[in-house]
Amino acid sequence: MSTVSAHVALTLARHIDHVFGVMGNGNAHFLDALERSTEVHFTAVRHEAGGVVAADAYHRASGRLAAATATYGAGFTNTLTALAEAVQAHVPLVLVVGDEPTSGPRPWDVDQIALASAVGARTYTVGRADAAATTVIAIEHALTYRVPTVLAIPYDVAARDAGPMPEAHEPRLPGPLVPAGPFAEGAVERIVEALASAERPFLLAGHGAWISGAGEALGEVADAVGAITASTALGRSIFPRSEFDLGVTGGFGAESAMELVREADVAVVFGASLNQFTMRFGDLFAPGTRVFQVDVAPAATHPHVGGYVRGDAATVARAVADRLRGRSTGPSGWREAVDIMPLRAYDPGEGVAPDGRLDPRSVATRIGELLPDDRVVVSDGGHFIGWANMYWPVAAPDRMIMVGTAFQSIGLGWPSVPGAVLAKPSATVVLTTGDGGGLMALADLESAVRVAGGRGLAVVWNDAAYGAEVNLYGLKGLAQEPMLIPEVDFAALAAGVGAEGVVVRDLDDLERLATWVTEPAASRPFLVLDCRISGTVVAPYQREIIRVNS
């Protein structure tokens, strides 16, 4: 018998290779069909939010459609924070869930369609006669709009006979957004003219440039006009010529590098939303800088933008590069006149802070020296987020995975590890998390250790507090007791699920990482570094937030 759940599983399996989640009453038949009838790999996590998080991280590291599953009721409501994050981060994901029976809700059912809609996700409900077609529609919606889609299987429909498996249509996806019409053509030409005549041209690229594949064209534009380049946190390393690149802009950028950005007379931004952090709360560019933006949003996303082109970043970058090639003007010469590399340097810290605990800058510097080059960094949310972003450069945007930042959430770190590990099977996956978020996500510490094994390690920035709140509200004089956490031994917790834990109270304790990276991944354990850091050292991006909110 081919059931409704089997139709869903077989159709979905044509477009995915991994599913993450927790089995329950509402998705048991779906998982049975997935296991028995497809080649899709199911990875169990220990909390339903972790299933969505792992799938989210898998997409960010692989670029493929993500898939997760949970049961109905409490299982579904557990996914909501992770689902909201994926919506905010524009992650194409299908969440297969159980739902109330068609006869009506039971005492433990909730209005799942309303809840999903409240965080920005559309729900498609399958029936006995249309399960395969509805699954294709859900996939098409997720990929077209780059958004999570909920695919609900009513409880009394899941095991019903749906007949022979139909020949489902392939999803039809739109092509890149191409600027069209005289106004768009004129806007592109104005960017070309501005860059060609600029004395100090600057190019900034974001995640939209990465997912559109704009790197090569952007490199040609930069070479044609002699531009200095930089990226957002989600677009890092997209430009081919690292010797002329300032790294990440905003609060994660080096101070000297950000000062140089303010010298630009023309800045063109490709595929970046220009949020408050990238823009340093309005201070990234000098008032005299002519700022242009290329993005797929309906209109410019920051008031400092003076010229806007709505279009795919790669398409527009290629058009700009081609038009520049036909001009007689040469490169500006600005980037050759500046020694870029010293400007990217970060403060190495003092080793030990005045309170006797480790300076997190020194810890981050030393870990950055020891980490293997072939690495993927996954980051939870919290004050510590600056250290990895500043001190641990990665080779491409799909190697710095920050699940939680879009929705300003913490506690999504541990379950990000399985998704990243399965997406990048040859790399070492490094989790950076705080003690607050680390405890919140503790259920999936086991998932991270089980799935990653010796290809994973975690750095816990343990300051016995919710550092971001202490730095902002504690400094305003609010009571700090609710912001504090009793110091937890994460090394011992890690040992309990089969990892090796090291308490790091001195920089010499990091020598275990130095030996760990030389051991074969197949035989070494998952490593957890419980770094006892000082809460008195405030990250630069956090100082910007304090300045704006004080």
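Colleague: Strands are DSSP runs of E with at least two residues, and helices are runs of H or I with at least four, both numbered from the N terminus. In this predicted model, between which strands does the loop with F281 lie?

Modeller: F281 has a positive phi of about 55 degrees although it is not a glycine. Most residues other than glycine have a negative phi. The loop in which F281 is found runs between β10 (266-270) and β11 (290-295).

Colleague: Does F281 count as buried, partly exposed or exposed?

Modeller: Buried means under 20% relative accessible area and exposed means over 50%, with partly exposed in between. Because its relative accessibility is 21%, F281 counts as partly exposed.

Colleague: Which class of accessibility does Q408 have?

Modeller: Q408 also has a positive phi of about 55 degrees and is not a glycine. Q408 is placed in the loop between β14 (400-402) and α16 (416-423). Because the relative accessibility of Q408 is 60%, this residue counts as exposed.

Colleague: In which strand does T149 lie, and is T149 buried or exposed?

Modeller: T149 lies in strand β6 (residues 148-154). Not counting residues up to four places away in sequence, T149 touches L93, V94, L95, R122, Y124, A138, H141 and A142.

Colleague: How far is the backbone nitrogen of A142 from a polar atom of the T149 side chain?

Modeller: A142 is one of the residues that T149 touches. The distance from the backbone nitrogen of A142 to a polar atom of the T149 side chain is 3.5 Å.

Colleague: What is the C-alpha to C-alpha distance between A131 and S5?

Modeller: A131 is placed in helix α7 (residues 131-145) and, because its relative accessibility is 1%, counts as buried. Leaving aside neighbours within four places in sequence, A131 is in contact with V4, H7, V8 and V126. A131 and S5 are 126 residues apart in sequence, while their C-alpha atoms are separated in space by 7.9 Å.

Colleague: How far apart are the end C-alpha atoms of residues 188-315?

Modeller: UniProt, in an unreviewed entry, lists residues 188-315 under "domain: Thiamine pyrophosphate enzyme central". This span is 28% helix and 22% strand. Its end C-alpha atoms are separated by 11 Å.

Colleague: Which helix gives the most to the lining of the largest cavity?

Modeller: The structure holds one cavity of 30 Å³ or more, and the largest cavity has a volume of about 40 Å³. Its lining is made up of G219, A222, D223, T229, F239, P240, R241, F244 and R335. With three residues, the element that gives the most to this lining is helix α10 (residues 215-225).

Technical notes. Residues numbered from 1 in each chain as written. Predicted model: local features only at pLDDT ≥ 70, side-chain atom pairs only at ≥ 80, totals over all residues. Heavy atoms only, no water. Polar contact = N/O pair within 3.5 Å; in protein donor to acceptor, adjacent residues only side chain to side chain. Contact = heavy atoms within 4.5 Å. UniProt positions renumbered as here; feature names shortened; annotations may be inferred. 1 Å grid on protein atoms, 1.4 Å probe; cavity = no way out; pocket = protein on both sides within 12 Å on 5 of 7 lines; lining within 4 Å. Points joined across faces, edges and corners; volume = space filled by probe spheres on them. Buried < 20%, exposed > 50% of the residue type's maximum accessible area, 1.4 Å probe, protein only.
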